[in-house]
Every structure is written in C-alpha cells, then in structure tokens.
Amino acid sequence: MLKFFKRHPPKEGEERERLKKELFKFQKCVEHGFPTKPSAMAYDSKLQLLAIGTKSGVIRIFGTPGFEVSATHEGDVSVTSIFFIPEEGRLITACSDSSLHLWEINNRDGSSVLEEKEMDSGEALKVKSMSTCSMSSDFSSLFVGTESGNVHVIDVKTLTETHVINMDTIIQNVPEDFKVSPGAVEATASNPVNSDKVLIGFNRGLIVLWNTKDGAAEATFNATQQLEYLTWSRNGEEFISAHNDGSYITWEAKNSAEPKEQALTPYGPFPCKAVNKLLWKMTKNEPMVVFSGGMPRASYGDRHTVSIMQGGDNHVVADLTSRVVDFIIISRADEKDAIETDRDDPRALVILAEEELVVLDLESEGWPAICLPYLNSVHSSAITCAQHISNVPESLWQKITDAGENQNKNFSKAEWPINGGRNLSSPPVTKDLLLTGHEDGTVRFWDASTSSLRLMYKLSTCPVFGIRDTTLDTQSPDEEEWPPFRKVGTFDPFSDDPRLAIQKLALCALSETLVAAGSAGQVLIFNMERQEREQDLKEVKVNVMADHEGFVWKGHEALSCKIDGLKHAAGFQPTCIMQLNPPAACTALALHSEWQLVAAGTGQGFALLDYAQKKEVATRCTLNPNDLTGTSDSAMSRRKSLKKSLRESFRRLRRRRSEKRPKEEKPKKDTEKAEPGNIEETPAAAAATSEGGAAAAAASPAPAETPASGGSGDCKPEERQVEARSADDSLASMVRSLYFADTFIVNGASHSPSLWVGTNGGHIFVYSLQVPASDKRTSDYVSCLLAKEIRLKHHAPVLSMAIVDCKNNVLPDAFEVINERAKAPDMEGQHSIIICSEEQLKAFTLPALKPRWKNKITAIDGARLRKIQFVNFRRASDNYNEFDIGCLTNTGELRVYSVSTLRRQLTSSALRKEDINGIASFVFTKEGQGFYLQSPSEFARVTLSTSATLATPKCELELAEGLRPPPPQPEEPEPAVDTPAVEVTPASETGSQEQEQDGTGEADVTVTSADDSRMDQSAMSADITVDSVRDIIAENDGTIITSVRTITQTTTSSVTEASATAAQDAQEAVTVINGVKEDAEDTVTDVLRETQHEVTTRTSEFVTRTSEKTVHSGEEVIKQLSEMKMTTAIIEDPSLLKQKVLDSSFTTTTTTTNADGEVTTTTTTTNGTE
C-alpha cells in the first residue's frame, strides 16, 4: 500500500483545475506561406486588396502586412474565378460546380472577418455549364458565358439573374459558317467607356459586340483561329483578341470588316502554344502588352512564361518554374483618388503561379522583382527540418537583417503595392526566428514575430562543397537569346545533390553560433560576421565505427569539402566542419555554445566535437554487434538468415505462452518485481512486462479540448496489452536525442557537465564531461567518460530528455543566466531527469536514478508520442509561470503534461491522424506555440497557451459610408385590420384520461398578439387549452358540462388614412363568420379601429388570467370565456356590427352558458359620446 502511494503523485485539487484553464488553451492562429493549389486571383484597385482562391475552396485576402482574412466554401469545390466589387469590401466567387457566391469583409469583435452573404433564396445561384465570367466596367453586372453559347447577366448586388442573351439571338446577323455552331462562349469583355457594350467571343473565333441596352448586336468580327481571350484598350475604341496559335489581333470597334493590324505571332513563325491571357495597358511612352504563353512548341513548349513587350526595345520573358495560373496588372489610373487620364500607368505585374507569387516593378528600369512581405514560397526547395528561436537579441537580429538586405540588392526598392486595410496588432515585444532547412542545402531565416512570415536571410552550404549556389543568381536577358528569358521567382524543386539536404539545425542566438547537419554526415559550424572575408576551413573527420574494422558502408559517399581560399559574404560564415564516417544522415544534434561543444548522432552512433579546438572528443558505436553486417546493407548468408528467423520464431512462441499464463499465478508479485529496482533490464524482463511496444488496440478518440489528469491517479487505470519491442531491432541503434546539462551525475555533492544520449531502442548513455576553464579553454582538452547507462524495459525510442531542479524548473540553456534571460537553477536541492520516450514519460532522481513518477501513455490509450518540447507556460493575468511538457501524438493530438507530476493537463485534437507529413514536420516553441506543414507550401501555426500572441491576425478594413448597398428591405404589405382568433381546446381532444377524474385543472396558454399600432399583421391568434374542461358538476344526476370550442375570426380590409377610398375598401371587405357581407357607412373604418383596439386589450387580459399556473374550476373557465365572448360578439354578429356603425356607438355582448349547455347572448348598446 505504501508503495502504491509512493508511485503516484498527489491528486490535483480545484485550485489546480482552475489554474489549468488560466494556462492552457488550444487555438489555431494563422497560416504562413503560399496557398496550396491556387486556382484564381483578383485585385481591388480601390481598396488595394489581393484575393487568391484555391482548388480546395479556400479564399485568402491580403492587404498591408498584417491584414489577412480567409474563408472556405462549403462542399468539395474549387474556386475558378474571383471578382471584387471595388470599394465595397465585397467579392464574388465562381466555383467548379457552376455556383456563384457573394462574400463580405466585415468587422467582428475588433477584427475583420470574411463571411458569405446569404441570398434571399437560401441557396447559391448556379449557372449550368459555366465556361467564362467577367465583370461589367461599371461593376453592376456579371457576364457568365456557358458551353451552350448563352450569356447570363447577373446582378452583383443581389446575385440574381436579370436576363439571358441567347446564342440564337446573337448569331442572327453573322455569316452562315458560324450559324451552325460557333462553339462555347470563350471570353467576354465589357467596354471600359460604355458599360452597355460587351464583347462576346466564341470558341471558333466569332466575336460579337453586343449592346445590352438595345438587346442587339452592333458589330461582328470574324477571326480565323480559335479564340482564347479578349481585352479592351482604355479608350474603348480598340480591342485585342488572343488565339490558340500564339497570335493576337488588334481590332477597331467601328470597323468589323477587317482587323486594324494583321495577326501578330511574337515567337513565330513556327507553331506556338496558345496565348492564354493578354492585357493591353497605355503608358506615357509606348503601349504595354503583357501575355502568358505563346512559346514555340518545339523548343520551349515546356516553359511557363509571362511576356512583357513595350515598343521594340523593351521585351522580357519572365520564366517561372511552375505553371502560370493568372496574372494581373496594378495600374495607378485605377487607384482611389486617381486623376482621370487616357493612360493606365501600370505600376506592378502580379503573377500567380502554381507554387509561388511573383511581383515585378513596371515603373523601374529593367522591371525588377519586388521582395514579398508575405506569401513567400517556403517550399522553394523541399523543407527537411525546422527550428524556432525565441527572443533573439537585437544585435543578432540587425546583423541578419543587414545580411539579407545585402543579398537583395538586385530587387526593386519600390514599396509593396498591395497595402489595403489596417494592421491593428501592436509591435512585437520580442524578435522570433523560424529556421527551415531545405533539400538543396540552404537554411532560411524567417521573421516569425508577427502573423506575417517574412524571409530575412538565406544561408547556403553549397560553396563549402564546391557547388555553386544558383539560388542567388540573377539572370538578365541575353541579347543574343531569343526569346529573351529571365528567371523569376524562387521555387526550384530540383536539387543538385540529395546529400546536401539539411537534416538538423541548432542555433544559439546569444553566442551567434549556428550548427547545421546534413544527409551525408556533414556537420557545419557557423559564426555570424558583419564583414565579407576569405578564410580557410578546418575539416575534422570522425570515424564512428573505428572499433569495428569489419564494417563495410554500402551507402552514398561523403561530400568532398573545399577548405582553401573560400570567400564568404557577410552573415553566417563556416568555421569548422565535422565529417562523420560512415556518412549517414544525422538523426540528432545538440549544441552547447558556453562549453563550445557539438554532439551529432546517426544511425550507427554519435560523436562529440570541441569546435573551439576543432578536435574530436569522443565517439561511440551504438550498433548491436550481431547486426553489424546487416546494417551496412551487405547481404547475409542464407544459413545465418535462417538461424535468425528460427530464433525470432521461438522467441515469439515463448512470448505468447507467457501472455497466456493465468494471471492468478503471482499476479502482483511479478509486477512488483518488474517495477523500479533495476534500471538496466534484460530483454527477457522487458518481454514479460506490458510497458512498451506497439499498442494492441487503436487509441480511443479524445475530446476536442479537455483538461485531463495524468495517467496515474487514486486508482490504477486499466492498461492495454502491449507487445514488447525486440532488442535486436536493426533500427534500435539510431541516436534519437542528445542533451547537454550541468547536474549531479556521480554524487549528490558536486555537479558537473554531462552529455545524455538516447537511442531508438530505449538505451541511454550518460557521459560525464570535464570542460577546462575559459582561460585554458584553447590549451587543455575536454574529457568525456561514460558514467551511467539506462535501458528502458519497453525499448521505446527516447525522443527527449530534460533535467529539472527541486523547484520543477528546467535547467536554462547556455548563456541565459549570464544574460539575465533565466533564473539560475537551484543547485542545492535534488535534481531529476525526465526521460520522454514514444510510449511513456518517466522521472528519475539524480544521481541515484531512482524512479520517481511515470505515465505509461501507450499502455493506457494506445497513442505514441512523436514530438516533445519542454515549454514555459505563463499566465496572462500575472507573472506566474511553470514548466510543462508539450507533446504531439501519432493520432494528431496535442497534449500537455505537468513536469512536477507527469499528469496530463490538456488534450486537444489538432491534426488528422492520416496527416503523416504534418505530424512529422511539427516543431514546438518554448512558449507553447507550434508550426507544422499542413501542405508542402503552408505552415499552420497553433498555440497551447492562453497568453496573448501576435500570431493571430488583428486587422480592420475601413469602408466609406454609403458605398456598400444597404440590406434589402422586405416589401411591406398593405396595413390590414384583423381580429383575433381565440381557440379553446376541450379536454376530449387532448387524449388525457387522468384529467377526466380530476375536478380541477391547469390552464396552459399560448398567445400571439398583433401590433395594433400598425395593424399590418395577417392574423392574431390565441390557443387556450383548459385541462379541466370536463368537470363533473353533478355526478348523481349524470350531467357533464364540457367547454365550448369558441372560434371567432374576423378579417377586415386594409385601413389607410392617406387613401381617399379607404372607407369604400373597408366597406367591401368586411366579412363575418357566416360569410354574410354587409354594407356600412363611411364611418366603418373608425369603428373597426376602435373595435380592434378593444379586442386586443381584452384578449391580453384573458390570456394573462388563464396562463397563470393556478387551478381553475369549470365555472371560472366558463366565466372567463363569457367575458371573452362579450368582446368578440360585436364582430361575429353582422347586424350588431352594422347597427354600431350606423349609430357610432359601442355594442357590448354578454354570453352565458347554463347547466344544460344552452348559450344565451345579451347585447347592450352604449353611445360612444358618453
């Protein structure tokens, strides 16, 4: 019993539950990077906003850096077209299911959001077989062309169809050849001067100038080639048609007989690809023509290009590495408050490709590219690893900024043209970096301080190995080359050598030291330098397999290093390189800049490097001696393979027999013997336990977000049957984690530097280090001795380790205490080591390594941990903070475990369990945030902390008053004077048998009253159900009185004071219950008004009395019904109503019911003037 309490931490109380809510909360922040699979783009020149739609139905709108809103269409649809309604903050999207949607940017809770506007019909408008869309020049209508040749005109304010231009009507005056089948509507273009005129282009080359006001064709133009696109000049007198043979033709709107200029094929005369889109802009010099496609099919048919031509001299072909989706031109003439001229004055060209966004400055000489403040292609080369650095010092931040600006000298100095909206976020308090390693050997530094991810600086490791870095090359058009190509954009999916890929990164921001480890065993150490310099590079070759001479490596060779005469630009410059042998990919990396040590691990072992003296300190092979040949990819003999297979089969049989052994045979003693006592366990003991291995059952689903307690509580939870891992697994030798710490290793009296090495097989090596003092650091050597070994019984991979002091604070990183960024650890009390494997969390005391707490995760719910980070959570209200363990499981759940008790604090479903790439790419921050690749080009950002973060966009869009149309008001019907319908339901209709035996009941009343001030309601009803309607009055006599169902309904005509014929209309529409129509005098209107008011008042009083939760007798109910009848009788009886109208008096009717059920009505007339 004492052992049970010792192994379980104390139960958490109400105070802890309240603290959980103040510390932990999962929420999604923002998406960084480039939208995956873009399909459409639009630009609002007035509000300066850019919208991008994707094939998954997502819409993202961008403005000034920090302004971003997004939304997603319902259903599985892709966005095919987007159209802004200028200055209104509204846009229309056309989707692949031929539906049209209207969206609005609204301000909600202090920030802008994108919302879909509901249509009156409740469903999105659909146009069957939609082929093309375009907006009218006055932005009032949308022209939707179809495959059948019709054009639907849509009102953009209501998104309703106004009329249809039928193909038969269009082609009445066209040549006979086109009357048979002109094809689908390929393009439409509204005249920029006269919005009533629109060009309608058909697939076969027929172009019709249609006048929507007159409903007739004004001119017909015949092109000999298949049509692709139509565009007007600014003056509205000329237009250009683009065709599928790579040519375009200029036409005059007034002359349809022949084109103004013959067809021009820029890259002919050989067959060319189609010109997909063309824009014609007027400048102060020569007109500018920009088009996509048109390349010669034979030689450059695989190029993705956008050509810019102005006059005869200025000609550039922007060459991209991915397909061009769309492009737009931002013109100053279209901006808000622009002076009206006959020129467009193009400012920038925005090219949307499948994998990146490119913006060219059209006002600067040579049309250079503009740096992107957001929408960067984070996957310009495939991302292989990432690391987040918090609170970067200002000095290092400025050096990185300067180095990045030096790399961007060839970019345009123009300001970012898309700057609509306002960013309401406050300036960041700290500077945060996101480092990404890429397949091409580059490391990119991103500004992750705000909601916009901006590229700051790029470091390439290629020059170290004698490979030219092509990512920084800026190609200018070659005068002799035709077409004049210029490479634009950064997306480059191809790598010169896969061995260059960066696998692990480590950056110490306080010492300005960066370590990058690659796929071929290369480990490079960089230091930040402000000046360009030329220096020699020291290479240290380390053989991890030095003690195993028979090992033969069958993998790739190491990269050849160029160490002499290297000239490095300002920024991070290499100072040393450690080349591991065998040159396997690095699987773990650790840096301690204060001790100037670097540890790197591979699948075969690890090495420790002293980069101050550029000397190897220690190595160790972690391979199983039985599998040395197998790991080197050499073929095993058939005899050895058979022996190993038989051995494994017998082991599985023994394991199954041990599992089938009845639990009654020493159930508790065996468990207790397998519990803590010996840390280093044998494989047999591990097989007898159920702490590790693969889960026998799938993980049970967890709630979306629930504060949870740890795995151990007052009672031991039910554990799953878990299969133990094999100790002979060939992957068990892989080094998964490395950790430097200054703690108690040998005894509890003195602490010393140490290195902790965790492998894939649950084996942990603890090394004691002796680091010379700073004055002897360059002369004395660093020593490394193996102090302890730990073998986890479940043989699960060791993902992370951390040492906490007696106050449950994780030991700070290097230089943090000296720079006053963290408190000094408590070196007087006892330290503990927390070992995080895939299957459990376990804490041991130091230096004795006695088990303290344990949470068996896989055995409880079947989940496995994939990513782990020790996080410092802070409370938003004060300065309280605590360390906890942030985890990501293989099921996509984000969890938080307490460092002090290892209890679970939070569980939230963040990723789909099928999203393997997202889970593998997840990286935690020290503040509880997380980044993961939700697509190859997009980082999703989440947080587990309640602290305020600048990662969530907080923005606002200011709209001028009156620009957005007000919501449509429903048409008000003509005012009508109605009388109530009062219904009393007898108990016989309720079906209640119990109420027949009771003498009393309860009244349940539901009333809907009319507004007598407006008198525009169609009906006024009160349904009164009396539970005691069958009351036994005289049981001996057998007399039963049931309530009378009284229905009075009077419908009168509208009462309009302003109408001269109001009295006549009211007189003709007076209808009573029995259907008799009576004539009345002109005073009928006034009488009906007074009667209506009286009916409403008495009905309200009646409902109030009967709705009270009291018991009524039969006599009371009859009395109340009689009072109600007095009010309505004047309208029920036509003669009484007529008499009252003629005498201008009020008539009161009293209705009584005797015991025999006979109803007696008494009418009393009173002069209205009394």
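**Exercise 1. Is Phe-939 buried or exposed, and at what relative accessibility?**

Phe-939 counts as buried, because its relative accessibility is 1%, where buried means under 20% relative accessible area, exposed over 50% and partly exposed in between, with a 1.4 Å probe and protein chains only. The model is predicted, so local features need pLDDT of at least 70 and side-chain atom pairs count only at pLDDT 80 or more, whereas totals for chains, interfaces and linings use all residues. Residues are numbered from 1 along each chain as its sequence is written, and side-chain values use heavy atoms, with hydrogens and water left out.

Now turn to the ring partner: Phe-931 and Phe-939 form an edge-to-face aromatic pair, 6.4 Å centre to centre with 85 degrees between the planes. For such pairs, rings of Phe, Tyr and Trp (its six-membered ring) must have centres within 6.5 Å, and planes under 30 degrees apart count as stacked, over 60 as edge-to-face and the rest as tilted. Phe-931 is buried as well, with a relative accessible area of 0%.

**Exercise 2. Work out how many aromatic pairs the whole structure holds, and describe the pair of Tyr-457 and Phe-572.**

A search of the whole structure finds 19 aromatic pairs. In the pair of Tyr-457 and Phe-572 the ring centres are 6.4 Å apart and the planes stand at 40 degrees, so the pair is tilted. Because Tyr-457 lies in strand S34 (residues 454–460) and Phe-572 in strand S42 (residues 571–581), this pair ties together parts that are 115 residues apart in sequence; strands here are DSSP runs of E, at least two residues long, and helices are runs of H or I, at least four, numbered from the N terminus. Both Tyr-457 and Phe-572 are buried. Elsewhere, ring pairs link Phe-221, Trp-232, Phe-239 and Trp-251 into a cluster.

**Exercise 3. Find which lysines lie over the faces of Phe-327 and Tyr-781.**

The criterion is that NZ of Lys or CZ of Arg is within 6 Å of the ring centre and within 35 degrees of the ring normal. Over the face of Phe-327 lies Lys-277, at 5.2 Å from the ring centre, and over the face of Tyr-781 lies Lys-615, at 4.6 Å from the ring centre.

**Exercise 4. Locate Leu-653 and state how accessible this residue is.**

Leu-653 has its place in helix H8 (residues 638–660). At 38% relative accessibility, Leu-653 counts as partly exposed.
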